[in-house]
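We'll go stop by stop, with a short note on what to look for each time.

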Amino acid sequence: MALSNSVTTCLSQPVHYVICKLGFEKKDTYDINNILSGNGEVCWQAVTEHVCYLESDQSVDYIKSIRSLGPVCESVTLHFKSLAKEQFVIQYASWFHWTNCTEIFLEVFDVLQYAQTTEVALGLMKLTSCLERALGDVYLLKGNDCPFLLRDLLASEQLAVVFGQAVMNVLRIFIGSPYGLNLRNVLWHGFASPQEIPAKYCAMLLFLTAGLGQLLQTYLLQTKCVLVHRPYVIFLSLEELVVFPGKYLNISKFFILYLLFLLLSTLLLMRYCDFFLLICTNVRIEALVSFPLLESRMHFLMLIKTLFITFCEIKAKHLDNEEVNQLPVVLEEPAMASILKEFLWDFLNHQEGPRIRDRLSHGEINLEAFPREVANQIVAFAITLLCRFSDEDMFSLKEHVVIKPLMNCASCYQSRFHPISRLKKQVLECMKSIHLWSQLPTVPEEQVQTIKGSEENAEASTLILMISEITSQLLRYMPQNCCSSDDPINSVLTERLLVELCDTRVCTLYSPRPVLEIVVILRKISAQCHQVSEQVTGSAEVRYTQWMNKTLRSRQRHNYLRMLNRLAGGFPVL
């Protein structure tokens with residue numbers, strides 16, 4: 001399905017006016033020396049004088065402030081363009097050290113010299129991500145739990161103490177407030193195309209970041225505090241993020257680029273094609289670019305009146321106005337809509353998942369070390385998504401030897417990070433741990449049998465009987481040919497049966513609260529069983545070593561042989 005080419009922006013009319021026009025209404029020429037001292041320091045008082053306030057409650061008047069700051073931003077842009085890279089490094093580089101991302105800010109300066117719209121937009125995305133992370137580190141000088149949302153962070157008393165409230169009001173005009181330019185959100189959520197972001201706002205944020213570094217240095221010298229940078233999030237289990245096997249991704253990036261141009265020309269506003277040009281440049285960019293693109297595409301597919309929606313609405317069953325999410329209807333394939341949402345929930349939202357876009361946009365991931373494996377998965381998913389929505393005349397492309405395997409992988413996707421999926425994984429891991437009991441070293445069988453019968457207590461017999469009754473009730477729900485009515489306990493505990501049960505597809509979208517509450521309980525039970533199994537394994541290995549070394553006392557030998565008897569019986573030892 002192709003979209004109408006009449007759509008030219010994802011921004012609402014008021015937001016488009018604020019970002020693209022408001023800051024250009026004043027034609028005054030502003031002298032850079034008014035806000036930049038002779039020794040290269042930012043004159044914050046001169047900057048804050050351009051912030052206007054409402055007479056009613058003295059809150060920031062964002063419209064008047066943006067209009068007033070427009071010429072200042074122009075002046076800063078011209079100032080940066082007048083500097084050679086060496087001059088900029090000498091004058092400003094040290095003021096970016098507090099962000100722990102100095103190289104990123106120097107890259108942004110390079111981009112501003114050529115003012116290519118796509119690179120500027122991407123540079124601003126990286127700048128806001130690093131700036132937010134750095135401001136969070138500063139917050140922790142005075143507070144404990146750093147606010148998750150940028151708007152709450154900028155409005156915090158802790159940052160006002162360090163930088164001053166007037167300075168924080170300046171930042172809120174550019175980022176963090178939906179009433180201001182809100183540059184971070186409109187870019188990271190895919191509302192703005194690169195052409196809609198004036199380069200002068202990127203230059204101004206670069207300038208303000210250096211000024212914040214100057215203020216912070218003064219504060220640290222006065223208070224004797226030390227700024228500590230939080231460690232970045234590292235993806236430890238990359239194999240869990242592999243949806244599309246590597247053999248399908250070893251293709252030319254130029255082929256990918258050609259493919260995406262074909263798809264974007266019929267599916268998306270052409271304004272986003274420039275973003276994908278950058279895929280051929282740097283692996284980090286693949287992840288940065290894909291999320292705004294995907295989210296922008298979803299804006300249209302929602303087919304609702306307002307354009308200001310995010311992945312949160314895309315993944316929801318109902319919208320904030322209680323209307324039913326129309327995405328499944330638009331997709332014309334409820335199953336595909338379910339798969340799409342499961343993938344998005346897994347990669348973006350579930351607390352035990354990677355939360356990639358979330359962590360990228362909030363600066364929690366080191367942009368310089370973003371894993372290629374993860375970036376490849378995102379790009380591959382973007383390709384399958386665009387193919388799924390393409391016109392019928394693109395059928396031959398979908399059947400291409402490179403594309404079809406990707407489409408097949410996507411259509412088979414099952415959630416991996418939903419609580420139900422994590423429960424399945426826990427159960428299988430617990431079962432594997434229990435099956436390792438059979439491999440434990442053991443003493444000669446005749447020595448174990450010497451106490452068999454005399455030590456068979458009533459408690460164990462009662463437990464076995466109880467488990468038998470439970471499993472007999474479950475037999476009718478089990479897959480055929482996976483269990484035996486003659487030995488229900490051991491047949492239920494076979495790995496083959498559990499694997500088949502856990503492979504059964506379970507819809508995880510919009511799980512009712514009672515179901516999630518039961519899953520929480522089951523996960524606790526599974527975790528406890530696994531812990532007990534590990535303890536049994538560890539204890540058996542220690543006791544065997546002590547038995548062979550003949551260092552066990554009489555009672556310890558007695559207890560060890562009784563444990564071996566129970567292990568021989570299987571699960572009742574738990």
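One term before we start: a residue is buried when its relative accessible area is under 20%, exposed when that area is over 50%, and partly exposed in between, with a 1.4 Å probe and protein chains only. This is a predicted model, where local features need pLDDT of at least 70, side-chain atom pairs count only at pLDDT 80 or more, and totals for chains, interfaces and linings use all residues. Residues are numbered from 1 along each chain as its sequence is written, and side-chain values use heavy atoms, with hydrogens and water left out.

**The whole chain**

Start with everything on screen in cartoon view. The protein chain has 28 helices and zero strands; helices (H or I, at least four residues) and strands (E, at least two) are DSSP runs, numbered from the N terminus. Of its 574 residues, 51% count as buried. The chain exposes about 27600 Å², with carbon and sulfur atoms supplying 55% of that area (Shrake-Rupley method, 1.4 Å probe; for residues, only the protein chains shown count as cover). Now for contacts, meaning heavy atoms within 4.5 Å. Among contacts in the chain with a separation of 6 or more, 72% join residues 24 or more positions apart.

**Stop 1: Phe343 and Phe347**

For the record, rings of Phe, Tyr and Trp (its six-membered ring) pair if their centres lie within 6.5 Å; planes under 30 degrees apart count as stacked, over 60 as edge-to-face and the rest as tilted. The two residues sit four apart in helix α17 (residues 334-349), so about one helical turn separates them. An α-helix has 3.6 residues a turn, so residues three or four places apart point the same way. The structure holds 16 aromatic pairs in total.

**Stop 2: an aromatic cluster**

Which residues form one aromatic cluster? Select Phe80, Phe88, Tyr92, Phe96, Phe105, Phe109 and Phe207 and you have it. Keep Phe88 and Phe109 highlighted for the next stop.

**Stop 3: α4 against α5**

Select 85-92 (α4) and 102-114 (α5): their axes come within 11 Å and cross at roughly 140°. Axes here are lines fitted to C-alpha atoms, for helices over the stretch in contact, and angles run from 0 to 180 degrees between N-to-C directions. The crossing of α4 past α5 is right-handed; a crossing is left-handed if the near helix is turned anticlockwise from the far one by less than a right angle, and right-handed if clockwise. Lys85, Phe88 and Val89 of α4 make the contact with Leu106, Phe109 and Asp110 of α5. Sorted by class, that contact has four nonpolar, no polar and two charged residues (Ala, Val, Leu, Ile, Met, Phe, Trp, Tyr, Cys and Pro count as nonpolar, Asp, Glu, Lys and Arg as charged, and the others, Gly among them, as polar).

**Stop 4: α5 against α11**

The axes of α5 and α11 come within 10 Å and cross at roughly 145°, and the crossing is left-handed. From α5, Phe105, Val108, Phe109 and Leu112 meet Ala199, Cys202, Ala203, Leu206 and Thr209 of α11. The class count for α5 with α11 is eight nonpolar, one polar and no charged residues.

**Stop 5: Leu227**

Buried or exposed? Leu227 counts as buried, because its relative accessibility is 16%. Not counting residues up to four places away in sequence, Leu227 touches Trp98, Asp137, Val138, Leu141, Leu216 and Leu220.

**Stop 6: α9 and Ile173**

Last, select 165-174, which is helix α9 and includes Ile173. Seven of the 10 residues of α9 are buried, so the helix is largely enclosed by the rest of the structure. Those buried residues are Val167, Met168, Asn169, Val170, Leu171, Ile173 and Phe174. Ile173 itself has 1% relative accessibility. Beyond four places in sequence, Ile173 touches residues including Val51, Tyr62, Ser65, Leu69 and Leu181. Ser65 is 108 residues away along the chain, yet its C-alpha is 7.5 Å from that of Ile173. After α9 comes Gly176, with a positive phi near 95°.
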